Structures are given as structure tokens and as C-alpha cells.
Amino acid sequence: MDRWKCIRQGSEYHDRIVEVTVSGDPAHLKVELTENVAPPTRGMKATLDAGYDDGALVIKTITAQPEGERLGTLLVHLGAQIAVTSRNVTQIRVDLAAMEPGAVGLYRRIGLRPDSVELNRITELPPWKDKGIDERFSQAVWQEKLMDSLLWDLGDGRTALPRALADGCASDGGPSAREQEAVANIRNATQIPGLQEWVDPSNSTAFTVERFAWAYKAAIMTAPLAGSIGEALERSRQAVASAWEKVG
């Protein structure tokens, strides 16, 4: 059984170790990371459930606690290694069900992108089409990590974007801190050179924020996210190198 030690500087989990368990069958793969600690100490735990489909490793679900320790990246790295060595796998994909807020940065980090055909299909419909959003715009917006807080505000529909756009106006308690952060982040993102071409100065800031938000929503609604498993393996290796070290 492989064991990995946390080496991320500044982490409260520094020098603590997780053990790797791999299981599955010809159609499925499950990779688990667990830390054997006694209560009340909180142990690390992460699980990747994936399947194989037409030369691709398909991530079905991925969970990691605590967040921010790159446990998810380590999971994907290990899963990609297994898929490459044991199967004729060239691609990696993500089911829409695995688009959890904490995983979005991971998918971007390993080079996954929305599917162009699916994005075209989505953006041919209102309200995307009405706002002049297309596949190329949504792909550009997907690349910016400042958009990720919108997964809570617009992407999963839990809160209304118009309320976030109020940005402090009187309401029941005012916009939440997360909503305000989402608006601030997206306004900052509109200043990024790669996205500035999509900003029309004749329109209001609120319109720009909303348009970018809908482009991001199109990206996260796309199934599947996909990329080269070779690139995912190399990029996850680089990301893991500063946070985890194999010890056995």
C-alpha cells in the first residue's frame, strides 16, 4: 500500500501521512486516501470514483477533506497513473455530477476544458444567445480562476445573480459575503487582457458582470469537461510535487 506525506509549507497537516487504497473492476476504478488518526483529531480523507469509456478515464465523483491540501489533485494523479499503465487510455473526462465547487480549480489545473460541440449547443439557446455569448467566449471565461465563486451564485442556482449585482443595496440582510466576493472577482476578471475584448464600455458594469457570469455558467454546464490524460498526468504531477511526497 502506497503512503504519501504532506510536505506543503504552512499546512497544519505538514508531515502527516495518507494511505492509498485502490479497488474496482474492469469497468470501474476507485482510489481512496485515508489518514489513520485517533479521535478527536480530524483525519484526511479523499475518494475518486471513475469509470472507463471508449479510451477515456471518466471521473464520476471526487471528494476531499479538508479542502485546500491538494488531496484531489493527488487522487487524480494516482488515478491517471493507473489508467495509463493498465488501460489504453488517452483522454480524461469529468461527468457533470462531479462539478463540485471545490473541484473546479482542480480540473482547470490539470488542463481540462469544456467540450466545444456541447458549448455551441448550449450557447445557441436563450439566454446565452440573447447576450451574444458563444463557445469561444465561454472557453476564455473558463480559464480564469476568479470566476469560480460564481459556481455558488449562478452555476448551481442557489442564489440569484441579480441580488449579487445589487452589491450592497438594501435587502434582507444585504448580499452575503460570498455574493459580494463573486461580484468583486468577476469585475476584476474583466480587466484581464485575455477577456478585455469581451467588455463593451458602452454597457453598464452590471451588464458586463452578468454576461461573464452566463458565459461561465455555460462552461460549467458543459458535459464533459475533457483533456489529454498525458497532460493531466504531467500537470497533476507538477502540482502534487509541492504538496505531497511518496514515502512508501
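Modeller: Contact here means heavy atoms within 4.5 Å, and by that rule the buried residues of H4 are covered by elements that include H2, strand S7 (113–114), H3, H8, H9 and strand S8 (225–228). Helices (H or I, at least four residues) and strands (E, at least two) are DSSP runs, numbered from the N terminus. Bear in mind that this is a predicted model, in which local features need pLDDT of at least 70 and side-chain atom pairs count only at pLDDT 80 or more, while totals for chains, interfaces and linings use all residues. Residues are numbered from 1 along each chain as its sequence is written, and side-chain values use heavy atoms, with hydrogens and water left out.

Biologist: Good to know! Why is Phe137 called buried?

Modeller: Buried means under 20% relative accessible area, exposed over 50%, and partly exposed in between (1.4 Å probe, protein chains only). Phe137 has a relative accessible area of 0%, so it is buried. This residue sits in helix H4 (residues 135–142).

Biologist: What makes H4 as a whole "mostly covered"?

Modeller: Of its 8 residues, 6 are buried. They are Glu135, Phe137, Ser138, Gln139, Val141 and Trp142. At the start of H4, a side-chain oxygen of Asp134 comes to within 3.3 Å of the backbone nitrogen of Arg136.

Biologist: Which residues touch Phe137, leaving aside its neighbours within four places in sequence?

Modeller: Those are Trp198, Arg211, Phe212 and Ala215. Trp198 lies 61 residues away along the chain, yet the two C-alpha atoms are separated by 7.5 Å. At 12% relative accessible area, Trp198 is also buried.

Biologist: Let's turn to the rings. Why is the pair of Trp128 and Trp214 called edge-to-face?

Modeller: Rings of Phe, Tyr and Trp (its six-membered ring) pair if their centres lie within 6.5 Å; planes under 30 degrees apart count as stacked, over 60 as edge-to-face, and the rest as tilted. The count comes to 3 aromatic pairs. For Trp128 and Trp214 the centres are 5.3 Å apart and the planes stand at 85 degrees, so this pair is edge-to-face. Trp128 is in the loop between helix H3 (116–123) and H4, and Trp214 is in helix H9, 86 residues apart. Both of these tryptophans are buried.

Biologist: And what makes the pair of Phe137 and Trp198 stacked?

Modeller: The angle between their planes is 20 degrees, with 4.6 Å from centre to centre. Together with Phe212, the two form one aromatic cluster.

Biologist: Next, H10. How do you know where its buried residues lie around the axis?

Modeller: The buried residues of H10 are Ile229, Ala232, Leu233, Ser236, Ala239 and Val240. Seen down the axis, they fall within an arc of 135 degrees, so they line one face of the helix; the arc is that of the directions from the helix axis to the C-beta atoms.

Biologist: What makes a polar contact between the side chains of His77 and Ser236?

Modeller: A polar contact is a pair of N or O atoms within 3.5 Å; within protein, one must be able to donate a hydrogen and the other to accept it, and residues adjacent in sequence count only if both atoms are side-chain atoms. The two side chains meet at 3.0 Å. His77 belongs to helix H1 (residues 71–86) and, at 6% relative accessibility, counts as buried. Besides Ser236, the contacts of His77 beyond four places in sequence include Leu233, Arg237 and Val240.

Biologist: Why does Gly111 count as buried?

Modeller: Its relative accessibility is 5%, so Gly111 counts as buried. Gly111 is in the loop between H2 and S7, and it touches Ala226, Gly227, Glu231 and Arg235, not counting residues up to four places away in sequence.

Biologist: How about Arg108: why is that residue called buried?

Modeller: Arg108 has a relative accessible area of 11%, so it is buried. It is found in helix H2 (residues 104–109), and among its contacts beyond four places in sequence are Trp142, Asp148, Tyr216 and Arg235.
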